[in-house]
2 protein chains.
Amino acid sequence: MVTINDIAKMASVSRTTVSRVLNNSSHVSKKARERVLEAIEKTGYIPSEHAKGLRVKQTNVVGVILPKISTETSSRVVNGIDEELSRYGYQILLANSNLELKKEIEHLKLLQSRRVDGIILMATNVDKSLQEEIKALPIPTVALGQEIPGVTSVVYDDYHAACDLTQLFINKGHRKIAFIGVSEEDKAVGYLRKKGYLDTMKNNNLSVEDFWMAQGTFNITSGYHAMKEIWETSSERPTAVFAVTDRLAIGVMEYLQEKGLNIPKDISIAGIGASELSKYVRPALTTVDYFNNEAGKVTARHLLDKMLEENESKKSKLGYRLIERDSL
Amino acid sequence: MVTINDIAKMASVSRTTVSRVLNNSSHVSKKARERVLEAIEKTGYIPSEHAKGLRVKQTNVVGVILPKISTETSSRVVNGIDEELSRYGYQILLANSNLELKKEIEHLKLLQSRRVDGIILMATNVDKSLQEEIKALPIPTVALGQEIPGVTSVVYDDYHAACDLTQLFINKGHRKIAFIGVSEEDKAVGYLRKKGYLDTMKNNNLSVEDFWMAQGTFNITSGYHAMKEIWETSSERPTAVFAVTDRLAIGVMEYLQEKGLNIPKDISIAGIGASELSKYVRPALTTVDYFNNEAGKVTARHLLDKMLEENESKKSKLGYRLIERDSL
DNA sequence: CTGTTAGCGCGTTCAT
DNA sequence: ATGAACGCGCTAACAG
């Protein structure tokens with residue numbers, strides 16, 4: 001691979017001069033510049049960002065840690081991040097944590113060894129050890145989706161979104177509202193959305209029965225089974241079900257339709273996420289849009305801020321939008 | 001940031017010794033090793049892959065160029081790539097070409113400047129200039145999705161998939177089959193799938209009318225409009241429509257259902273891609289599964305081969321599976 | 001305007 | 001078993 005030295009020799013100048021035309025810093029004589037450019041042209045020389053980074057202590061790479069690489073949310077977010085970051089010449093180094101805390105920490109180290117200029121972490125569980133790890137990190141880091149104490153984080157407004165959705169059901173006249181959540185270890189999706197539901201029920205003096213509550217994971221079949229459980233064990237059946245995820249909600253619909261129920265006549269359903277599926281499933285699913293793409297952009301911007309001026313850790317909460325559709 | 005020199009000083013040994021315990025090469029006295037380890041522990045020192053790479057000429061990073069980062073296909077593929085590559089300690093540097101040839105070439109250079117060990121290119125249009133660019137590349141590269149002459153490429157079997165789908169329609173008794181494609185500049189999706197359709201029609205002595213053919217892009221609304229065009233201009237209306245993409249097909253369904261038609265009673269539909277949508281749309285869409293995740297794995301494996309032993313450019317064609325569902 | 005010198009952080013002979 | 005010396009490719013400080 002051709003290096004700056006080769007170019008220097010070919011153009012019979014010093015490396016320094018080559019470097020100067022490369023970064024067009026200071027002035028280089030027209031003739032020298034031309035000879036250098038010619039040599040570069042001829043050899044197809046491309047400077048090593050690697051060596052440069054070693055010298056200037058900056059890589060123009062930011063690491064992005066995802067819980068799952070092939071989900072709609074992830075790809076939307078990454079898209080937004082890239083849109084913003086690429087404008088400033090940064091590239092993205094991907095890291096897939098596969099929902100494993102161990103891997104999250106591992107990747108944090110890996111990215112550090114690569115001396116990335118910044119890190120964006122889409123966290124799932126906010127473990128204490130992870131928290132410590134990040135705070136000790138000498139690299140600007142911002143978390144997306146989960147609030148991590150002491151760390152710049154941008155979060156969705158899970159609590160209020162859940163409140164609104166629950167209230168929407170109530171306004172439509174529903175009183176018996178089932179809830180399908182996920183593990184509360186997931187502060188955002190598991191805990192906050194559930195709290196929004198519970199609080200809103202309480203504020204409206206509605207009782208919440210145990211057999212209306214179920215827990216699933218992040219996929220469709222788990223929604224199916226959760227609904228089945230509720231349906232089979234409820235002494236009093238719900239007239240509406242709030243699933244914390246579109247995919248869960250779609251699993252719910254599957255089960256109910258299999259049972260011959262009519263949605264929304266017999267029972268209403270809502271999810272969260274504004275997945276593409278939610279729009280084309282029949283009946284179309286009521287959900288809330290988190291603007292993931294925009295969230296990615298905002299997060300990237302926060303990171304850029306942090307990388308430029310080492311300021312305090314900020315917190316920001318994103319907006320959302322209820323999308324009322326036929327499922328209710 | 002703490003460096004190998006700091007550790008050396010703290011442990012009162014030379015850098016060389018530190019390097020030795022890091023890569024546990026040759027023998028280091030127990031005491032020395034302990035002192036080094038202790039210093040590392042205390043400082044949280046993490047070696048710079050950067051500096052190391054400069055020395056050993058290997059970065060353990062591969063670049064992945066995508067046409068569009070937030071599509072189902074892309075994310076499945078990237079997932080597969082990551083699954084395979086991460087097992088060998090490689091990380092992924094993402095590059096988004098946004099379907100622009102110019103950016104594709106630009107990213108090729110960018111990745112080169114980062115001295116990635118390999119490149120995976122999900123190409124869309126196989127331009128001559130791109131072809132030259134890749135062949136001149138001093139970095140092992142493999143293309144996915146498009147056959148690029150002289151370059152290791154793994155492709156989907158677009159031609160036969162299209163044939164099978166068309167034949168399926170014919171076997172069901174259809175004679176008037178419409179076709180919605182994309183620009184033929186896209187060899188795989190545009191040209192080959194169309195050829196499969198045309199050839200199969202011909203082999204069955206079926207005529208293809210101009211007004212049964214339309215062209216769209218890669219989104220749902222474009223399918224809607226293409227179908228509208230066909231529907232409004234056809235002097236003789238088709239009883240089936242083959243869209244080269246699930247998203248196009250879903251747009252088709254939208255239009256037809258809006259017109260009050262019953263699918264599949266009045267008209268049958270099929271797409272390609274096995275998108276999640278295809279499964280949950282009503283009626284469920286007949287499509288073909290390209291096993292994108294597996295494709296990513298295979299591509300990664302090819303790249304690994306190429307990176308280890310500089311062998312010739314290979315070609316391989318992937319399998320596929322017809323998924324017959326209610327839309328026909 | 002240009003070259004010399006001196007590292008950036010690390011691995012690798014080659015001695016000892 | 002250990003260290004000195006050198007170089008990977010590049011930029012920056014300093015002279016001239």
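How far apart are the end C-alpha atoms of helix H13 of chain B, and what span should its 17 residues have? The model is predicted: local features need pLDDT of at least 70 and side-chain atom pairs count only at pLDDT 80 or more, whereas totals for chains, interfaces and linings use all residues. Residues are numbered from 1 along each chain as its sequence is written, and chains are lettered from A in the order in which they are written.

**View 1. Helix H13 (residues 292-308) of chain B**. Helices are DSSP runs of H or I with at least four residues, strands runs of E with at least two, numbered from the N terminus. Buried residues (20 or more other C-beta atoms within 10 Å of their own, C-beta atoms being placed from the backbone) include B:Ala295, B:Leu303 and B:Lys306.

**View 2. Helices H2 (residues 15-22) and H3 (residues 30-43) of chain A**. Their axes, lines fitted to C-alpha atoms over the stretch in contact, come within 10 Å and cross at roughly 85°. That makes H2(A) roughly perpendicular to H3(A) (65 to 115 degrees). The contact (C-beta atoms, placed from the backbone, within 7 Å) involves A:Thr17, A:Val18 and A:Val21 of H2(A) with A:Ala32, A:Arg33, A:Val36 and A:Leu37 of H3(A).

**View 3. Strand S2 (residues 91-96) of chain A beside S2(B)**. Three bridges join these antiparallel strands (pairing requires at least two DSSP bridges). A:Leu94 stands opposite B:Ile92.

Definitions and conventions
Expected span 1.5 Å × (residues − 1). Buried ≥ 20, exposed ≤ 12 C-beta atoms within 10 Å, placed from the backbone. Axes fitted to C-alpha atoms, helices over the stretch in contact; angles between N-to-C directions. Parallel < 35°, antiparallel > 145°, perpendicular 65-115°, else oblique. Contact = placed C-beta atoms within 7 Å.
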